Each structure stands twice: as structure tokens, then as C-alpha cells.
Amino acid sequence: LPNTPALVNFGNVLGMGSGQGVIKIKMAYIGGILSVNRYKWGRFTKPEVKQWMQDLAWATKLMKGEWVFQTPINIELSGQFKDNRSKPDLHNISKCICDAVSKGIGINDKHFEVSVKEPTVDKKVEQPYLQIIIYFLTI
């Protein structure tokens, strides 16, 4: 992929796909560090969060392809976790996700409408994950 930074290994992307009007990306949940209250040191983004956000931005950019989006963009967040204790408040993670998606599609996140679905719990899940679904209209 041209202009893909060497540091991007997509290690946090567990799956992705797209179709007319929708992009779905499944991201590894790396913990509470993604929370709006914890992902920065002052003005600086923590390295592991920065890598996670880069992976999400590039996955979004790949899935976007040549489509030109109309605003607003609708983003639905959900996920699957091992238990209720490890289940995050997805509202607190939405800032980190929206910043990354914004970078990937080239649209300011003020044009995003975010909805959160209740995450599911499954003790058998090997890798907890976040599901990001982007709904859009094209020009």
C-alpha cells in the first residue's frame, strides 16, 4: 500500500469488510487505556494507543477506497468482552475511535453521530474486541 507507514502492522485489526454504505472493523480491545480519561499524557498520546489508532485509521482508509462521503457519518460502537468487570463504557472510548476514523476518512469528527450498543459478554471469547460500524451515504 503506497504511503503506508512502516510502523503500521495492523496487529490490532481482527477483521474488516465493507459494502455499499457500510464499513465494519473489528479491533482488539487493549484495555482501559483507550478511555478518554487515560489515552493521553498531557498533549501526547500514549504509544500503544497511538499504534492502535493508526491501525484503525489505516483500516478505515483501506475500506473507504474511492468513496466520497456525505455528512453526517453514523458510527455504531459495540463489542464483546470476557466478563462485566472488563466490559468498558464505550462512551468513554468513542473519542479515541472517532479521532482515528476521522483521520482514516478525512472528515472532521464533528460530523459524526455516534451510537453505542450494549456490549456482549462471553467467558469463552479469546480476544475481547470492539466492533466499529460506519454507515455513510456517498456523493
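Analyst: Two strands pair if DSSP finds at least two bridges between them. Helices (H or I, at least four residues) and strands (E, at least two) are DSSP runs, numbered from the N terminus. This is a predicted model: local features need pLDDT of at least 70, side-chain atom pairs count only at pLDDT 80 or more, and totals for chains, interfaces and linings use all residues. Residues are numbered from 1 along each chain as its sequence is written, and side-chain values use heavy atoms, with hydrogens and water left out.

User: What makes β1 and β2 a pair?

Analyst: Strand β1 (residues 13–19) and strand β2 (residues 22–28) share 6 bridges, in the antiparallel sense. The cut-off is at least two bridges, so they count as paired. Gly 17 stands opposite Lys 24 in β2. The hairpin has 2 residues between the strands, and Gly 21 there takes a positive phi near 85 degrees.

User: Where is the kink in α2 centred, and what does the bend compare?

Analyst: The kink is about 30 degrees, centred on Cys 96. The bend at a residue is the angle between axes fitted to the seven residues ending there and the seven starting there.

User: Which residues of α2 are called buried, and what do they pack against?

Analyst: Buried means under 20% relative accessible area, exposed over 50%, partly exposed in between (1.4 Å probe, protein chains only). In α2 the buried residues include Leu 90, Ile 93, Cys 96 and Ile 97. The buried residues of α2 pack against α1 (47–64), β5 (69–81), β6 (112–116) and β8 (129–138), where contact means heavy atoms within 4.5 Å.

User: What follows each helix?

Analyst: α2 is followed by Gly 106, with a positive phi near 75 degrees. α1 is followed by Gly 65, whose phi is also positive, near 60 degrees.

User: Why is the protein chain called compact?

Analyst: The protein chain has 2 helices and 8 strands. Its radius of gyration is 14 Å, close to the 14 Å of the globule rule for 139 residues, so it is as compact as a globular protein of that length. The radius is taken over C-alpha atoms; the rule is 2.2 Å times the number of residues to the power 0.38.
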